[in-house]
Amino acid sequence: MLRSFVHEIIGTPRREPELPQSLEQFRDRKRVLIIFADAQDDRALIQDEWLRKAHMRLIEEDVEVFSIAGGGAFALFDDDWELDADDIRNRLQGPPSGEFGLILLGRDGIVKLRSSEPMTAEDIFAAFELLPKKTPW
């Protein structure tokens with residue numbers, strides 16, 4: 001009873017979402033930026049344009065960018081990846097289908113940034129300063 005009472009007062013710690021299996025290949029290697037897009041929403045087009053302008057910097061920062069739209073997962077710059085869009089949306093607690101969202105995963109596979117509005121590339125890069133740096137082998 002005391003344990004139950006303490007949990008009510010303090011609250012239970014927020015559980016980090018589980019990394020989708022198809023994104024495990026990036027753990028400890030790259031950051032992953034997921035854009036949840038909808039064809040009816042201009043925010044996805046704005047985000048896409050801002051990221052395309054920062055293409056070279058995204059490469060330098062080891063960031064893979066994917067768009068989840070229409071039930072599929074699409075790489076913004078490279079088409080060599082097989083991803084499960086539904087698993088990504090569910091496990092990362094992405095926005096409902098048809099809504100815009102942005103999720104940045106660190107190299108450790110943990111969600112570092114969420115936004116329901118487009119973010120400039122500069123704002124996303126500024127968030128990198130708060131993330132752990134890649135350690136040399």
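## Basis of the description

Residues are numbered from 1 along each chain as its sequence is written, and side-chain values use heavy atoms, with hydrogens and water left out. Because the model is predicted, local features need pLDDT of at least 70 and side-chain atom pairs count only at pLDDT 80 or more, whereas totals for chains, interfaces and linings use all residues.

## The sheet

The model contains an open sheet of 5 strands in the order E3-E2-E1-E4-E5, with mixed pairing. Strands here (E, at least two residues), like helices (H or I, at least four), are DSSP runs numbered from the N terminus, and two strands pair if DSSP finds at least two bridges between them. The edge strands are E3 (72-75) and E5 (111-115), each of which pairs on one side only. From one strand to the next the twist averages 20°, with axes taken as lines fitted to C-alpha atoms (for helices over the stretch in contact) and angles running from 0 to 180 degrees between N-to-C directions.

## Strand E1 and its partners

Strand E1 (residues 31-36) pairs with strand E2 (residues 63-69) in the parallel sense over 6 bridges, and 5 bridges join E1 to strand E4 (residues 101-105) in an antiparallel arrangement.

E1 is mostly covered, with 6 of its 6 residues buried; buried means under 20% relative accessible area, exposed over 50% and partly exposed in between (1.4 Å probe, protein chains only). Arg31, Leu33 and Ile35 point one way from the strand, and Val32, Ile34 and Phe36 point the other way.

## Aromatic contacts

Rings of Phe, Tyr and Trp (its six-membered ring) pair if their centres lie within 6.5 Å, and planes under 30 degrees apart count as stacked, over 60 as edge-to-face and the rest as tilted. By this rule the count comes to 2 aromatic pairs. The rings of Phe26 and Phe66 have their centres 5.7 Å apart and their planes at 50°, so this pair is tilted. Because Phe26 lies in the loop between helix H1 (2-10) and E1, and Phe66 in strand E2, the pair ties together parts that are 40 residues apart in sequence. Both Phe26 and Phe66 are buried, and together with Trp81 they form one aromatic cluster.

A further contact involves Arg57, whose charged end sits over the ring of Phe125, 4.0 Å from its centre; the criterion is that NZ of Lys or CZ of Arg is within 6 Å of the ring centre and within 35 degrees of the ring normal.
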